[in-house]
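Reader: Could you take me through one part of this model up close, and keep it chatty? I'd like to know what sits where and what touches what.

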Amino acid sequence: MSTQTSTPSPAGKTGFQLPKWAGSFGFQIIAALIVGLGLGLLAKYTGSTKASPNALGATLQTIGSSYVSLLQTAVVPLIFTAVVSSISNLRQVSNAAKLAWNTLLWFAITSLIAVLIGIGLGVLLQPGANTGISEEAKYSGKSGDWWAFLVGLFPKNFLGLGASSTVAESGAVTTSVSFNVLQILVIAIAVGVAALKVGKAAEPFLNLNASALAVIQKVLWWIIRIAPLGTVGLIGNAVAVYGWDTIGSLGKFTFAIYVGLALVIFAVYPILVRAHGLSVKQYFSGVWPAVQLAFVSRSSVGTLPLTQRVTERSLGVPRAYASFAVPLGATTKMDGCAAIYPAISAIFVAQFFGIQLDFTQYLLIALVSVLGSAATAGTTGAVVMLTLTLSTLGLPLAGVGLLLAIDPILDMGRTAVNVAGQALVPTIVAKRQGILDEQLYNAPRNGTPFVDDSFDAADAGTPAAASSDGTTTDTAPRHLEDAKA
């Protein structure tokens, strides 16, 4: 009689275990996208509509809107503390002025490339011709113009906040509070520069600001951790409300936008990365967690903590410089919203209304897109950027109403490209200035940005070294002096 002996499992592990890749942030987001898509289609085909959602549709809408609300709650304190902190960090960098100038220059260069792609696609694909859409569509929202943009730079109060009240038919009064990111940015820059000028007396304030930033980022990090749940609600609600029939009437326009976005993120950015002697694969594996979160959240500012973390700890940009460039990019670097989208949309509107654009007007589209991208920071993003472009060209603002129906679908791709560019430019500038940690840039990834979660953004900073299993762990102090040229 033979006796069977069991072989002990390696490393003392027993039972079923998920593969390593299943625990990665990227896999969780992709899985949430699939689940959200399925639930959205189920809600749509069981009778859910935007005006009258069924139980499933209402649940998806609540989950999605609640997640966005969580992100937006932290926007005001995050922008203020991050920008003040970034300006104060630049005092530790010997070539701060040169870094700032090069950052703005590369913001403009990449925006110009993106808008030229948008113009080319608009002329080639003719998205506004033969759409079959009613010309009765109107746009009653806020119009963008240069004067309104300049006036909007001046804060109405210290926090850049505004309030509005609406009265329902029942007589109930609802008050909502809004914020102007552009005004908050202006306030934060002024306070940060003033703190530098004050000198030693401002040290307690800067220390308090740094502590507040660390707390805010920790809270935002918790919110980012539940992004897969928010993804299910956001994608599910988008599919349930808009479906594919809404996109159908603007199919050529949607196709043109996404082709432009794909060319920027999968062609232009890799070319720039490769031209600077860096690995394209490492760039995408490093930035991808932030790109995924941006796609589902549709918020560059909400994605800011994750964008900054991957820029520092995956792409190897020194913290002293990244803490300046990434927050600045989150409010002004918009290749998707302020370059590709307004260029193609303006051409769409002109073609729809039978207006012939000349060479001068194409130049104006490029100029507005490169110089006016900051206008998206203080308003409702790409919609007002589009009205700013149409106003400059003298095109009918009624054309904006034609595109509002599918704006959420387009905004996902636009925001993903925005965030990819916000991480790319600091990487390029750091490489050109000789301060990029290339050993960290080329280190293996494990697919999750949470592996070193025990280290806060406010810590002195440590470069991540690759371990044998592909994870990254912080090993040695990384001081701000590393950013010096």
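Author: Let's start with helix α3, which is mostly covered: 14 of its 15 residues are buried, where buried means under 20% relative accessible area with a 1.4 Å probe, protein chains only. Keep in mind that this is a predicted model, where local features need pLDDT of at least 70, side-chain atom pairs count only at pLDDT 80 or more, and totals for chains, interfaces and linings use all residues. Residues are numbered from 1 along each chain as its sequence is written, and side-chain values use heavy atoms, with hydrogens and water left out.

Helices here are DSSP runs of H or I, at least four residues, numbered from the N terminus. α3 covers residues 75–89 and reaches 20 Å from first C-alpha to last, close to the expected 21 Å; that expectation is 1.5 Å times one less than the number of residues.

Now zoom in on S85, which has its place in α3. S85 is buried, at a relative accessible area of 8%. Leaving aside residues up to four places away in sequence, S85 touches N209 and L213, with contact meaning heavy atoms within 4.5 Å.

For another bit of helix packing, look at α4 (residues 96–125) and α10 (residues 251–275), whose axes come within 10 Å and cross at roughly 140°. Axes are lines fitted to C-alpha atoms over the stretch in contact, with angles running from 0 to 180 degrees between N-to-C directions. Among the residues that meet there are W106 and I113 from α4, and F255 and L263 from α10.

Notes
Helix = DSSP H or I, 4+ residues; strand = E, 2+ residues; numbered from the N terminus. Buried < 20%, exposed > 50% of the residue type's maximum accessible area, 1.4 Å probe, protein only.
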